[in-house]
Amino acid sequence: MPCYVSPVRPDRARADGESFQHVAVPYDSDASLLGLVAPRVRAALGEGRHVLVITSRLPQLAEALGPDADRVETRPPASWYAHPFRMLAACHDYTRGRRTLVVGEPVWQGRSAREIGELIRCESVLNAALRPATATLLCLYDVRATPRDVADSCPVNHPVLLGPDGEVPSARYVEPYELVLPHDRAPLPPPPADAVTIGFAGPGLRRARQAVAAYARVLGMDADRVTSLVISVSEIAANSIEHGAGHGVITLWRAGGELVCEITEPGGALDDPLPGCIPPEPASLRGYGLWISRQLCDLVELRSGGGALRVRLRLSLGP
């Protein structure tokens with residue numbers, strides 16, 4: 001019986017004694033923000049750390065830093081936080097193998113409830129994914145504009161809170177392996193009656209991929225997204241063939257402007273509380289399927305029960 005197990009050990013200790021720090025920084029004015037963050041940036045630069053800043057408050061911070069602003073890397077928050085799991089991967093890549101400070105402020109306005117939930121989830125997952133890193137993440141929250149559910153998640157996702165009196169441990173912090181968001185365990189709605197089903201097994205996986213691509217093209221899906229869909233389906237189905245029952249069913253249907261693709265594997269199970277959320281170790285031969293799918297798809301949902309494992313992928317039809 002196959003299961004998705006994390007290919008890394010995020011709880012391993014660092015040999016150099018440094019630890020990853022994930023700090024929430026609530027603020028209620030530009031003066032408050034600059035007073036809390038600017039000294040941390042200067043200190044990090046003084047320690048020889050690489051500093052990355054991702055916030056719309058960059059002009060104010062650059063003015064406060066003066067000449068030191070030229071030593072800071074920046075990214076636009078709208079693109080950095082556009083896809084939660086790509087953000088997680090980008091943070092992992094930036095902090096890998098070097099001492100870093102990342103100052104980030106997600107864009108929450110204009111997002112759907114689903115998008116906000118996934119970004120909240122990834123904020124939590126950062127505690128596991130970056131635990132081996134020599135990095136500090138300062139996450140900014142403008143309390144004047146942050147949605148209530150996001151503000152409520154702030155002390156849950158961050159072990160440390162930074163305020164005018166310095167750092168304090170968060171009494172409400174929850175380890176990412178224990179975090180349960182609304183609807184995480186709710187049953188997935190059944191496919192509609194007109195959904196298309198495609199069986200797959202080892203010898204027929206190529207034909208299944210071709211059928212998935214053909215269905216997506218009929219719906220008018222953007223060519224790049226067709227490729228992303230086929231790669232994701234292939235990775236997950238191949239895992240079922242190699243490590244599971246050896247066969248399964250792919251179900252496809254349209255839901256509004258999205259294509260929904262569900263891969264069902266008989267007898268499957270979930271033994272990893274964060275499936276596909278932690279970057280695989282470079283030398284690992286397993287653990288890439290769901291990790292890749294989370295990068296390529298708009299949403300990945302998993303449910304185990306009733307004698308089967310279901311992995312449901314959602315991709316927008318447009319670019």
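A disulfide is a pair of cysteine sulfur atoms within 2.5 Å, and I began my notebook with that cut-off.

**Entry on cysteines.** I searched the whole structure, which is a predicted model, and the search finds zero disulfides. To see why for one residue, I looked up Cys139, where the closest cysteine sulfur, in Cys91, is 8.0 Å away and therefore too far for a bond. I then checked Cys261, which is in no disulfide either, since the nearest cysteine sulfur, that of Cys297, lies 8.2 Å from its own. For the surroundings I noted relative accessible area, with buried meaning under 20%, exposed over 50%, and partly exposed in between (1.4 Å probe, protein chains only). Cys139 is buried at 5%, and Cys261 is buried at 0%.

**Entry on how to read the numbers.** I number residues from 1 along each chain as its sequence is written, and side-chain values use heavy atoms, with hydrogens and water left out. Because the model is predicted, local features need pLDDT of at least 70 and side-chain atom pairs count only at pLDDT 80 or more, whereas totals for chains, interfaces and linings use all residues.

**Entry on the whole protein.** I listed helices (DSSP runs of H or I, at least four residues) and strands (runs of E, at least two), numbered from the N terminus, and found nine helices and 14 strands. The radius of gyration, taken over C-alpha atoms, is compared with a globule rule of 2.2 Å times the number of residues to the power 0.38. The protein has a value of 21 Å, close to the 20 Å that the rule gives for 319 residues, so it is as compact as a globular protein of that length. Its C-alpha atoms fill a box of roughly 60 × 40 × 35 Å along the principal axes, and buried residues make up 49% of the 319 residues. Counting a contact as heavy atoms within 4.5 Å, I noted that, of the contacts with a separation of 6 or more, 72% are between residues 24 or more positions apart.

**Entry on salt bridges.** How many salt bridges does the count come to? With a side-chain nitrogen of Lys or Arg required within 4 Å of a carboxyl oxygen of Asp or Glu, I recorded 17 salt bridges.

I looked at Asp142 and Arg57 and found their side chains in a salt bridge, at 2.8 Å from N to O. This pair links distant parts of the chain, 85 residues apart, with Asp142 in strand 6 (residues 135-142) and Arg57 in the loop between strand 3 (50-54) and helix 2 (58-65). Asp142 counts as buried, at 8% relative accessibility.

Next I took Arg114 and Glu258, whose closest N and O atoms are 2.7 Å apart in a salt bridge. Arg114 lies in helix 5 (residues 113-129) and Glu258 in strand 11 (residues 258-266), so the pair ties together parts that are 144 residues apart in sequence. Arg114 is partly exposed at 34%, whereas Glu258 is buried at 14%.

My last pair was Glu301 and Arg314, whose side chains meet in a salt bridge at 3.9 Å from N to O. Arg314 counts as buried, at 16% relative accessibility.
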